[in-house]
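This report describes one chain as a whole and then turns to a single residue within it. Please look at the sequence and the structure before reading on.

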Amino acid sequence: MTFEKRLRIAGLFVALGLLIQMLSLLPIHPLAFIVFVGIGAPIMVAGVIFFLLSLVSQPQRSE
Amino acid sequence: MQLSITLTLIALSLGLALLVGFRRDLVQSRAGKILAFVALAILPVLSLWGGFEEHLDRATSTEFCLSCHVMKDFGQSLKYDDPGYIPARHYQNNFVPRDHACYTCHTDYAMFGGVKAKIRGLRHIYVQYLGTIPVPKDIKLYTPFSNTTCLHCHLGARRFEEVNAHHKTPDLLMKVKSGETSCISSGCHDIVHEVGDLKGAKFWRESR
């Protein structure tokens with residue numbers, strides 16, 4: 001997998017996680033907190049970790 | 001961190017994450033790689049921290065506590081038009097901040113008091129959505145109400161120290177301060193939320 005493709009996947013995960021986090025901040029309700037911690041944060045953290053791993057691994061050179 | 005700042009930070013992170021993810025040419029240069037690192041590692045972590053802090057802060061608000069249906073009666077009990085009800089008296093006279101009324105009296109002020117309250121809150125969410133919801137009048141405290149919560153504000157106050165009722169016996173005040181005599185379960189201030197009294201009760205109309 002090329003570095004650019006990994007970057008795109010990481011960007012998607014981070015963006016999706018952030019979007020969920022942002023939406024969870026709109027209502028004041030316990031479920032919003034659960035959505036933030038249980039869905040938004042893990043997706044975003046997965047994206048960040050995927051990005052960091054792609055930095056330290058040896059990706060194929062893109063054309 | 002203010003909500004507007006947190007939301008702006010998240011929106012900025014989101015935009016940048018999409019930008020560096022989908023603009024291939026952007027990350028070819030050294031500056032682009034640094035931007036990718038900021039967009040996909042630093043800003044998201046900052047956003048997460050800001051959002052988490054905002055959620056924790058919200059969890060202390062009265063609106064948050066009363067957002068579960070089962071707590072509605074307890075919220076209503078804050079508006080009894082009768083000063084004999086301790087929570088109503090505190091709420092209506094601003095003895096506790098109205099927007100943080102529940103948290104002020106139901107969090108102990110010892111070390112990790114806030115953490116314990118959050119853990120209890122998670123349990124409440126579990127019961128609300130996955131457990132059996134009790135009827136409001138059956139909801140009881142996990143442990144007897146601690147005097148330290150009352151003393152957090154009342155200790156040293158002239159009204160508390162000098163009121164005749166607190167000197168009925170020479171050692172009463174000392175026993176209250178040490179927690180030996182409970183403010184509530186001793187029977188002196190035992191009229192609290194009493195949600196069973198809501199039917200037919202008269203309520204105070206809050207002016208904004």
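A polar contact is a pair of N or O atoms within 3.5 Å; within protein, one must be able to donate a hydrogen and the other to accept it. In this predicted model, the side chains of Ser47(B) and Ser13(B) make such a polar contact, at 2.9 Å.

Ser47(B) belongs to helix α2 of chain B, which covers residues 30-58. Because buried means under 20% relative accessible area, Ser47(B), with a relative accessibility of 0%, counts as buried. Apart from neighbours within four places in sequence, Ser47(B) is in contact with Leu9(B), Ile10(B) and Ser13(B), and also with Leu18(A) and Gln21(A) of chain A.

The wider setting is chain B itself. This chain contains 10 helices and 0 strands. The radius of gyration of chain B is 24 Å, well over the 17 Å that the globule rule gives for 208 residues, so the chain is more spread out than a compact globule. An automatic or database assignment divides chain B into domain 1 (2-58) and domain 2 (70-197). The centres of these two domains, taken over C-alpha atoms, are 42 Å apart.

| Property of chain B | Value |
|---|---|
| Span of the C-alpha trace along its principal axes | about 80 × 40 × 35 Å |
| Residues that count as buried | 34% of 208 residues |

Among contacts in chain B between residues at least 6 apart in sequence, 59% join residues at least 24 apart.

Key. Residues numbered from 1 in each chain as written. Chains lettered and ligands numbered in written order. Predicted model: local features only at pLDDT ≥ 70, side-chain atom pairs only at ≥ 80, totals over all residues. Heavy atoms only, no water. Helix = DSSP H or I, 4+ residues; strand = E, 2+ residues; numbered from the N terminus. Buried < 20%, exposed > 50% of the residue type's maximum accessible area, 1.4 Å probe, protein only. Contact = heavy atoms within 4.5 Å. Rg over C-alpha atoms; globule rule 2.2 N^0.38 Å.
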